[in-house]
Structure formats: structure tokens, C-alpha cells
Amino acid sequence: MSRILVDLHYFPSLEFFAAIQGMDELIFSPQNQYQRQSYFNRTRVRLANKVETLSVPIIGRRPRIAQQNIKIDFTQDWQKIHLRGIQSAYGKAPFFEFYFPYFENFFTRKEESLWDLNWKILTICLKLLGSSAKMRVLEEGADYTGILDIRGQIRPSTDFSEQSFYHPEPYFQLFGLDFDPNLSILDLLFCEGPGAKSILLKSAKKD
């Protein structure tokens, strides 16, 4: 059985999904400390004139706080901003109307914990991609001999080209001729639909 210990992200990037290709189990550690400027609370989408980062505001920006204890700040109207941004970016994408209903509730329902929100988002993404990988929480005292640990390796400050997970496979995108790699999984799903899984397989770097 192939298992990988990986960070939990908000609408993960294509690099994330390339990294987990072929894995039977995805293992996450809610005790990991929250790091600023991480993908835990941000994702990247393509608008008409630029690539935009959508960030979920959080409460408790203090050091040494476990990810499972991060709460979402609803004093800021981030849900409306993200919803408007995604609709503006992908409303005319070929598969938007088919896939968007799976995610719409995340922009209307208030999920107190960012960990729980990300967990539910990833669960749906894996389902839409036809992945059979199981999601599990890291257990104290469990034997994880031989597990691949890539925590902290996929982050906004490190270009994907410096890592060994993702090789961009161009696909159809809205707005212009230049291809923007490593965006949110939303970009690939809305633009390519059922073809997303095949593109991710081609995007995974081979040893």
C-alpha cells in the first residue's frame, strides 16, 4: 500500500494533486503548526487579466498553533469575495455549471474550522477526479515506516519547478493564449471536466 503524509490545503493546487497520484492513502496531521503564507488558507485562480490569490481570513495569527485549531474569521466577507471571483473567472468555462454545485455551499454555509472546511473540499475534489485514495488522520503511535512525507514542500514561496512532483501539462484555459500552470484544482475541473484526471496523470513527474 502506498501512503503519503501531506499538508491539507484550501482548493489544492495541481502540484498537490500531481504529488498524490497513485497513492492509496493520504495522511494528514491536524497537529501540524500553522504556517503563514501557506496554501492552508489560500488558492490561485485565473481571472481575465491576472492570476488572483483567494485567501481565507483566519483568527489567531499567533505562532505555534495547530492547524486543527485555526478558526475562520467571518467578520470579513470573504465568502462573497471568493464566490464572486470564482464566478467571474470560470462562469463561462465549459464545465462550470456541472461542477460548481458541488462547491457552492462552501460559500454560503459557515464552517467554523478551516481544517474541517479543507477536509470537506478535498473529499469532493477526490470524488470528482475519480480518485480511490483514502483520507486519514495521523494517529499517535501508528507505524508509518516507509511512508512518503512531503509536508512543507508544496507552498506558495517555492516554485513547483524546484520540486519533484509537478510537470505542467497544458490544457484549455479561458482568457488568452498563455498557459498559467499550477493553479487551483478548480481551474482544471471547470475547464476540462472529466479530462482532468488524465491531465493530472500526465502532470505527475516521473522518477
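**Histidine 82**

I found histidine 82 in helix H2, residues 78-90 (helices are DSSP runs of H or I, at least four residues, numbered from the N terminus). The model is predicted, so I kept to its cut-offs: pLDDT of at least 70 for local features and 80 or more for side-chain atom pairs, with all residues used for totals for chains, interfaces and linings. Residues are numbered from 1 along each chain as its sequence is written, and side-chain values use heavy atoms, with hydrogens and water left out.

Is histidine 82 buried or exposed? Histidine 82 is buried, at 2% relative accessible area (buried is under 20%, exposed over 50%, partly exposed in between, with a 1.4 Å probe and protein chains only). I then checked what histidine 82 touches: Tyr10, Leu54, Ser55, Val56 and Phe107, leaving out residues up to four places away in sequence (contact means heavy atoms within 4.5 Å).

**Rings**

Tyr10 and Phe107 turned up again in one aromatic cluster, along with Phe11, Tyr90, Phe96, Phe100, Phe103 and Phe190. I get 18 aromatic pairs in the structure. In one, tyrosine 34 and phenylalanine 40 have ring centres 6.1 Å apart and planes at 55°, so I logged the pair as tilted (rings of Phe, Tyr and Trp, its six-membered ring, pair with centres within 6.5 Å; planes under 30 degrees apart are stacked, over 60 edge-to-face, the rest tilted). Both tyrosine 34 and phenylalanine 40 are buried.

Note on methods:
Helices (H or I, at least four residues) and strands (E, at least two) are DSSP runs, numbered from the N terminus.
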